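Visitor: I would like to learn how to read pockets in a protein model. Can you guide me?

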Amino acid sequence: MNIEICEVCKKAIEECICCPECGHICSLDSGELYCPVCFPEKKFNDEYFMDIAIKEAEAAFMEGEVPIGAVIVKDNTIIAKAHNIKESRNDPTAHAELILLREATSQIKNWRLTDAALYVTKEPCVMCAGAMVNARLGKLVYGCEDAKGGAVHSLYQVLSDKRLNHQVKVVSGVLEDKCAELLKKFFQKRR
């Protein structure tokens with residue numbers, strides 16, 4: 001039986017991750033809706049990437065995990081996506097952000113993420129914010145605040161603390177209502 005192989009990515013056509021319009025390898029396999037080369041007019045803005053993080057949070061919700069989702073982006077390309085798996089792994093460090101940072105640094109083969117942006121549906125905790133500083137993250141975009149444990153604006157300001165060796169640019173409140181509603185729904189369901 002002959003298997004047709006893609007000339008560009010060298011995978012079987014059924015598993016090909018190339019854009020059907022131009023034939024180059026792009027990030028369509030990472031959940032992006034449009035190829036940035038074929039569709040430059042599409043806006044790859046904070047709302048676009050937060051919407052993908054929300055889809056990850058919805059996956060966490062369906063798995064019975066606290067619905068927090070995240071994506072990391074470099075040059076308008078998604079490097080990795082993740083959601084909380086703390087309950088299923090019985091791992092207190094299995095937050096979406098930490099899983100994502102590990103995956104992204106592994107993908108780019110560099111622990112420094114200075115040119116990357118991390119999108120997460122809820123304000124990061126102290127542990128995750130500390131990891132972002134250590135990873136030299138370039139930008140954080142989050143949806144809703146965490147009044148009880150937020151370490152970016154709510155309780156602490158880890159990412160902007162001048163005493164640390166790195167500060168992270170922060171954008172907050174992106175699709176805030178959508179992010180907060182998913183968390184509210186999850187905790188109402190658990191009660």
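Guide: Start with the second largest pocket, which holds about 180 Å³ of space. The model is predicted, so local features need pLDDT of at least 70, side-chain atom pairs count only at pLDDT 80 or more, and totals for chains, interfaces and linings use all residues. Residues are numbered from 1 along each chain as its sequence is written, and side-chain values use heavy atoms, without hydrogens and water.

Visitor: What is a pocket?

Guide: Rolling a probe the size of a water molecule over the atoms shows where empty space is left. On a 1 Å grid over the protein atoms alone, a pocket is an open set of points with protein on both sides within 12 Å along at least five of seven lines. Lining residues have an atom within 4 Å of a point. A volume is the space filled by probe spheres set on the points, which are joined across faces, edges and corners.

Visitor: Which helix gives the most to the lining of the second largest pocket?

Guide: Helix α5 (residues 176-190), with five residues. Helices are DSSP runs of H or I, at least four residues, numbered from the N terminus. The lining includes Lys122, Cys144 and Phe187.

Visitor: How do the residues of this lining divide?

Guide: Four are nonpolar, one is polar and five are charged. Ala, Val, Leu, Ile, Met, Phe, Trp, Tyr, Cys and Pro count as nonpolar; Asp, Glu, Lys and Arg as charged; the others, Gly among them, as polar.

Visitor: How much space lies in the largest pocket?

Guide: About 260 Å³. The largest pocket is lined by 15 residues, and Lys122 is among those nearest its centre. Its lining has six nonpolar, two polar and seven charged residues.

Methods. On a 1 Å grid over the protein atoms alone, a cavity is a set of points where a 1.4 Å probe fits but cannot get out, and a pocket is an open set with protein on both sides within 12 Å along at least five of seven lines; lining residues have an atom within 4 Å of a point. Helices (H or I, at least four residues) and strands (E, at least two) are DSSP runs, numbered from the N terminus.
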